[in-house]
Amino acid sequence: MKKILLIGNPNVGKSVIFSRLTGINVISSNYPGTTVEFTKGFLKHNGEIYEVIDLPGIYSLEPTTKAEEIAIKLLEEFSNSNDKIILLNILDATNLERNLNLTLQLIKKKLPLVVVLNFCDEVKHKGITINYQKLQKILNVPVISTCARSAEGIKEIIDRLKEANISNFNFESHKKWEKIGEILHEVQQITHKHHTFLDRISEISINPYSGLPIAFGILILIFIITRTISEALISYILDPFFNTVYLQFLKNILNKIITSDFLKEILLGKNPTPMESFGVLTTGIYIPLVVVFPYILTFYFMLGILEDIGYLSRLSIMLDNLLHKLGLHGHSAIPILLGFGCKVPAVLATRILETNREKIIAVMLALILAPCMPQTAMIISLVSPYGIKYLLLPFTIIFLNAIFTGFLLNKLLPKTEISELFLEIPPYRMIHIPTLLKKLYIRIKDFFLDAVPLIFVGIILINVMEVSGINNFIINNFGEVFTKLLNLPKDVASVLLLGFLRKDVSIALLAPFNLTVHQLIVASIFMVLYLPCISTFFLIVKEHGILLSLKITFFMLIWGLLISFVINQLLKIAFLL
């Protein structure tokens with residue numbers, strides 16, 4: 001089968017062109033031994049099928065990041081295979097000088113090549129004129145002008161694949177930039193243009209004095225939208241369907257076909273009501289589909305919008321200086337911010353980071369920087385009746401603790417060089433809905449393939465522990481230690497194990513205990529910090545291994561207990577005053 005490799009700099013529209021060429025038949029794969037992803041699809045034209053592969057974005061064939069290493073390895077592997085390959089080199093026509101650097105390196109590979117100059121619409125707006133025919137004659141390969149968002153030029157790409165050829169364009173490698181300058185002089189003309197509205201917005205949003213308040217406002221808006229839509233999906237669609245349709249159907253079927261009480265208890269739990277026991281087909285379905293999925297769906301959709309319009313790179317750059325002090329760089333902002341919505345996509349997003357050290361710090365910050373959305377809602381409902389100063393207190397303590405923990409981990413973990421953030425700031429662009437939906441589909445599919453099976457495994461383990469009496473043993477023998485240290489009633493210990501399953505429910509179950517505001521604050525802080533939830537834990541196991549997962553969990557438990565103990569003592573003093 002012939003293969004088409006899409007290769008180019010980041011932010012040149014490769015994913016949109018890939019979407020136009022392949023439709024909906026998309027496969028997302030990890031390169032063996034890594035978590036770096038590339039995407040595959042298929043194109044059928046004139047009875048011939050092409051496998052289309054979207055490589056990670058690279059600036060040069062001399063790699064500086066893990067993603068670039070993988071892209072170049074894939075290029076080498078396909079080049080050395082027996083398959084016939086075509087390189088589809090996508091360029092940003094508004095930044096031709098930088099993009100031609102990779103093109104000239106690809107020419108040296110002596111592989112069939114087609115050059116695609118994308119963003120032909122923006123070229124006109126920027127006052128740039130490019131002589132495409134002349135560039136094609138110089139490079140001696142097909143050169144096609146496209147606007148991927150409107151599909152302009154896509155048919156020409158498909159029709160001209162058969163023209164892909166090995167260029168005979170010769171130049172001395174050490175004079176590459178000189179040659180690029182000569183090419184630009186011959187094929188490109190730039191005329192003066194005035195700043196557009198989007199240019200002014202871009203400048204405002206990257207300026208630290210105006211950009212940080214804008215970023216703060218955008219993040220608040222995103223979280224409000226995410227929480228509103230997610231809770232509406234849960235309250236009005238998913239939860240009613242689960243309880244009135246699915247649960248009733250499940251009970252009727254299982255009661256007819258299963259006679260073993262033990263098996264029923266494993267599948268339905270001691271109490272078939274979701275979240276009141278650990279049934280695989282009740283709570284095990286309820287958590288990923290009703291509790292987690294709405295937040296992931298909404299948050300990933302909003303994240304895709306920010307990503308496609310070109311805002312995430314600006315946010316990463318503005319946070320880069322702060323994150324450097326925590327042993328990270330600006331790219332880490334994305335997984336950390338995801339943790340405000342749900343910890344599962346936050347852990348998945350740490351795949352973009354380069355070193356294990358960065359991943360450990362980023363995972364920890366994502367877990368403890370703030371409660372997830374459902375936890376936040378429960379804390380607000382319990383503490384807000386006591387006034388705004390008490391409501392802000394647990395969130396402020398949790399945030400400050402996370403910053404301190406980040407500094408601490410940066411000091412304790414073995415030092416590695418923090419790579420500088422060389423991140424291109426693309427212009428603001430309109431959203432391409434099909435590509436947005438396709439990326440959403442791939443991310444949701446990854447969630448169901450990666451996280452959901454692990455939740456089932458964890459539910460089964462906890463259910464077996466509950467049926468066998470291990471849970472009661474833990475509570476009776478260790479619960480009193482925690483409650484004495486934190487000045488909480490002994491019975492509160494019974495909800496701690498549930499916190500491993502779903503933290504917002506465990507926080508909600510504090511309500512019947514008639515705790516004081518002092519006790520509510522301590523209990524909320526402890527339940528946010530002391531353990532990752534079950535779905536997050538098993539995902540960390542998959543992404544980073546069981547040993548590191550246990551280390552993170554042990555650290556969170558001890559650290560959460562210590563911080564909660566200190567806060568309890570300080571609040572005792574404050575309340576006495």
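**Before you start**

This is a predicted model, in which local features need pLDDT of at least 70 and side-chain atom pairs count only at pLDDT 80 or more, whereas totals for chains, interfaces and linings use all residues. Residues are numbered from 1 along each chain as its sequence is written, and side-chain values use heavy atoms, with hydrogens and water left out.

**Stop 1: the whole chain**

If you then colour by accessibility, 53% of the 577 residues count as buried, where buried means under 20% relative accessible area, exposed means over 50%, and partly exposed lies in between (1.4 Å probe, protein chains only). Among the contacts with a separation of 6 or more, 75% join residues 24 or more positions apart, a contact being heavy atoms within 4.5 Å.

**Stop 2: the nonpolar cores**

Select Ile 296, Tyr 300, Leu 338 and Leu 510, the residues with the most contacts inside the largest nonpolar core, which has 92 residues. Such a core is a set of buried Ala, Val, Leu, Ile, Met, Phe, Trp, Tyr and Cys residues joined through side-chain atoms within 4.5 Å. Helix α11 (residues 283-309) gives the most to this core, with 14 residues. A second, separate core has 44 residues, including Ile 7, Leu 55, Leu 102 and Leu 117. In soluble globular proteins, nonpolar side chains tend to be buried together.

**Stop 3**

Which residues is Ser 230 in contact with, leaving aside its neighbours within four places in sequence? They are Pro 294, Tyr 295 and Thr 298.

Next select Gly 279, in the loop between α10 (261-268) and α11, which is likewise buried at 0% relative accessibility. Its C-alpha atom is separated by 4.1 Å from that of Leu 268, although the two residues are eleven apart along the chain.

**Stop 4: a helix pair**

Show helix α5 (residues 132-139) together with helix α7 (residues 176-187), whose axes come within 9 Å and cross at roughly 145 degrees. The axes are lines fitted to C-alpha atoms, for helices over the stretch in contact, and angles run from 0 to 180 degrees between N-to-C directions. With side chains displayed, Lys 134, Leu 135, Ile 138 and Leu 139 of α5 meet Ile 183, Glu 186 and Val 187 of α7.

**Stop 5: salt bridges**

The whole structure holds ten salt bridges, each defined as a side-chain nitrogen of Lys or Arg within 4 Å of a carboxyl oxygen of Asp or Glu. Select Asp 159 and Lys 155, whose side chains meet in one of them at 2.8 Å, N to O; because they are four residues apart in helix α6 (residues 154-159), they are separated by about one helical turn. Asp 159 is partly exposed at 26%, while Lys 155 is exposed at 60%.

Then centre on Arg 160, which forms a salt bridge with Glu 156, the closest N and O atoms being 3.1 Å apart, and another with Glu 163, also with closest N and O atoms 3.1 Å apart. Arg 160 is buried at 14% relative accessibility, whereas Glu 156 is partly exposed at 33% and Glu 163 is partly exposed at 37%.

**Stop 6: a covered helix and positive phi values**

Select helix α24 (residues 534-544), where nine of the eleven residues are buried, among them Phe 537, Phe 538, Glu 543 and His 544. Gly 545 follows α24 and has a positive phi, near 95 degrees.

Asn 46, with phi near 55 degrees, is in the loop between β3 (37-45) and β4 (48-54) and is exposed at 72% relative accessibility. Asn 487, with phi of about 60 degrees, is in the loop between α20 (470-486) and α21 (496-501) and is partly exposed at 33%.

Note on methods
Helices (H or I, at least four residues) and strands (E, at least two) are DSSP runs, numbered from the N terminus.
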